[in-house]
Amino acid sequence: MPIIDAVLDDFFWRALIGGLGVALVAGPLGCFVVWRRMAYFGDTLAHSALLGIALSFLISVPLNLGVIITCVVLAMALVLLSRTRTLATDTLLGILAHSALAIGLVTLSFMPDVRVDLTGLLFGDLLAMSRNDLLWIYGGAALILVLLAVLWRGLLMSTIHEELARVEGVAVERLRLVLMLMFSLVIAVAMKIVGVLLITALLIIPAATARRLAHNPEIMVAMAIGFGFIAVSGGLSLSWHLDTPAGPSIVVTAFVAFLLVYGAAGKVRT
Amino acid sequence: MTDPLVRLENLTVRFDERPVVDRVNLAIHRGDIITIIGPNGAGKTTLIKAVLGIQKVSAGHVSLKKNLVIGYVPQHLTLEATLPVSVKRFMLLSGQSIAECESALARTGVGHLLHASVHHLSGGEKQRLLLARALARKPDLLVLDEPAQGVDINGQASLYDLIRELRDDLNCGVIMISHDLHLVMAATDKVICLNQHVCCSGYPADISHDPAFIETFGRPVAESLAVYHHHHNHSHDLHGDVVEGGHTECDHAHH
């Protein structure tokens, strides 16, 4: 269709559509990150994405696929290692997050033929989004939203009280695995938007902002998506008018919304 | 008697080769209220978890009646502050209809809190909410892990009364862990004193005389329980002395 073509030919519109698609899944998954105290875990997975990119170049597989696989492997390793309990989970995460990032950077430096835009990977390169990226984003988003809708009750119940959920027949371990897979997928697609260093912000800040206003989990998810939309469209406008980097602008917009909501809601309450 | 709801045969759970629950045999029937008491680290919670099917068993068997519906009341409901949940939403997550949920809440005395946030409930209200949630599932077996923790003294007594009433309503079996020895002794059919193995079990009146019980809890506790139990079944005179058997009608009346 000519209109859609015209829209998709414009890099700004591609960036906006892609960003909104990511916000659509960052909302609900961000809520789980906040509810389950997985912020540092998300950070670790995001950092390992860079290692995933390096490995994808090394064995020449598509970047997104390489990132997803690396994230999944790392997530599994984390789950297994945290069971042994020789190291506290935050220590373990700290080691793996920065080691994965460092190994990724070192590996990339060994491949002088490969020209990667490191700044783009670390902080996002939203304006260089291709049609192919859009396909990945919306394919991934559709998959994640369907999974979330089908598994919602079990996911929520095992977040509220794991043992109670288990007694009621919820497959808690399997759901945890599915949740990890969804995180890996969203990191792979969100990397393009805000970069590996800022992905966790896109997950956490809208969800935390929504928490101040929401009284039920589903409303919190809807609001988190809304604040994600505001962050993406606001950040892109900022980037367009002031020529600021797109990824950081989105995070700054999300943060400003967070401050405004907490400031205003605080006043209402007292 | 009919088939038991749950039968434990030589149930053993070991952590790193150390037995935490050691060869426990137990049957729970409909209408039973069985209370597990015992010192810290005696394996009470592990035993309960084995019954619930969320604890791997090292040896022995846990056999559950076919299609057994278990209502579980965990020790605490500690909700992450970032997760907003109303009582209504929490109840509906059980998968039961709103009518079922409302009647279960009313039954446990917290019907008026339907629209409240779970975060704003007191300890006692939270326990009653958890009980309502277990109740909404129409359980054959109620499993409670220290149901009266964080509840004040008056609340504790009425909570145990409520559990008895629910047992009568549902004709279900009840197994619970408790530290509230006095209340347990008054409200229970059968007490199991666990210290890895079952050190003694029986009716509250008998168990407090059991040498194994006295050894585990010490003579003062055993004696106070024995007295307390008399207080419930028999009578005290006005000076607080126990009136031994053959007491008059008058003694009964002032109970």
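This is a predicted model: local features need pLDDT of at least 70, side-chain atom pairs count only at pLDDT 80 or more; totals for chains, interfaces and linings use all residues.
Helix α3 of chain A covers residues 39-58, a run of 20 residues. From its first C-alpha to its last, the helix reaches 30 Å, close to the 28 Å expected at 1.5 Å a residue. Of the 20 residues of α3(A), 14 are buried, so the helix is largely enclosed by the rest of the structure. Burial here requires 20 or more other C-beta atoms within 10 Å of a residue's own. Just after α3(A), the backbone at A:S60 adopts a positive phi of about 40°.

Chain B is assigned two domains. Domain 1 is made up of two segments, 6-69 and 139-205, and domain 2 spans 77-138. Taken over C-alpha atoms, the centres of domain 1 and domain 2 of chain B are separated by 23 Å. Twelve residues from domain 1 of chain B and eight residues from domain 2 of chain B form the contact between them. On the domain 1 side, helix α5 of chain B (residues 153-170) provides the largest share, with five residues. By class, this side of domain 1 of chain B holds nine nonpolar, two polar and one charged residues.

B:N171 is located in the loop between α5 and β7 (173-177) of chain B. With 10 C-beta neighbours inside 10 Å, B:N171 also counts as exposed.

The contact between the two chains involves 18 residues of chain A and 17 residues of chain B. On the chain A side, the elements that give two or more residues are α2 (11-35), α7 (131-160), α8 (162-167) and α11 (217-242). Of these, α7(A) gives the most, with five residues. The side of chain A that touches chain B comprises ten nonpolar, four polar and four charged residues.

Terms used:
Residues are numbered from 1 along each chain as its sequence is written. Chains are lettered from A and ligands numbered from 1 in the order in which they are written. Helices (H or I, at least four residues) and strands (E, at least two) are DSSP runs, numbered from the N terminus. The expected span of a helix is 1.5 Å times one less than its number of residues. A residue is buried if 20 or more other C-beta atoms lie within 10 Å of its own, exposed if 12 or fewer, and partly exposed in between; C-beta atoms are placed from the backbone. Domain bounds come from an automatic or database domain assignment. Two residues are in contact if their C-beta atoms, placed from the backbone, lie within 7 Å. Ala, Val, Leu, Ile, Met, Phe, Trp, Tyr, Cys and Pro count as nonpolar, Asp, Glu, Lys and Arg as charged, and the others, Gly among them, as polar.
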